[in-house]
Amino acid sequence: LPSWLTQEDINYFVSQFKISGLRGPLNRYRAQNIDWEELTDLPDQIEQPAFFITGSLDPVNFFIKSEKSLIDRIKSNYNKLLLVEELEGIGHWTQQEAPEQVNSMILSFLKKL
């Protein structure tokens, strides 16, 4: 296991999925195409102040190939994008993999409000 994930964590996750099953999490992915159809009335940009944190190893960043930098790929989606960070060597679970860095960034974002 990676340093940020313990056997105790795995046991807890398993216990919770035993209670609820995987239907909810799987339905989130099943509904993605429905989202495109049902959410057409949403504005093109997020209006409230926002920040974006990702890891350089997050596979989501590679879903759409682009020569553009991270900020150039996402900035058109936000009206007030106050903070953008790409954490080097971090994957999809930024808050587990780099909790101190993420907490520091959250505090930086809140100070900008």
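S56 sits in the loop between β1 (50-55) and α4 (70-74); helices here are DSSP runs of H or I with at least four residues, strands are runs of E with at least two, and both are numbered from the N terminus. The model is a predicted one, where local features need pLDDT of at least 70, side-chain atom pairs count only at pLDDT 80 or more, and totals for chains, interfaces and linings use all residues. Residues are numbered from 1 along each chain as its sequence is written, and side-chain values use heavy atoms, with hydrogens and water left out.

With a relative accessible area of 11%, S56 is buried (buried is under 20%, exposed over 50%, partly exposed in between, using a 1.4 Å probe and protein chains only). Neighbours within four places in sequence aside, S56 is in contact (heavy atoms within 4.5 Å) with F62, E86, L87, E88, G89 and I90.

T94 belongs to helix α5 (residues 94-97) and is buried too, at a relative accessible area of 9%. Again setting aside neighbours within four places, the contacts of T94 are I53, T54, G55, L87, P99 and V102.

That brings up helix α6, where V102, M105 and F109 are buried. Seen down the axis of α6, the buried residues fall within an arc of 60°, so they line one face of the helix; the arc is taken from the directions from the helix axis to the C-beta atoms. The cover over these buried residues includes β1, β2 (81-87) and α5. On the other side of α6, E100, L107 and K111 are exposed.
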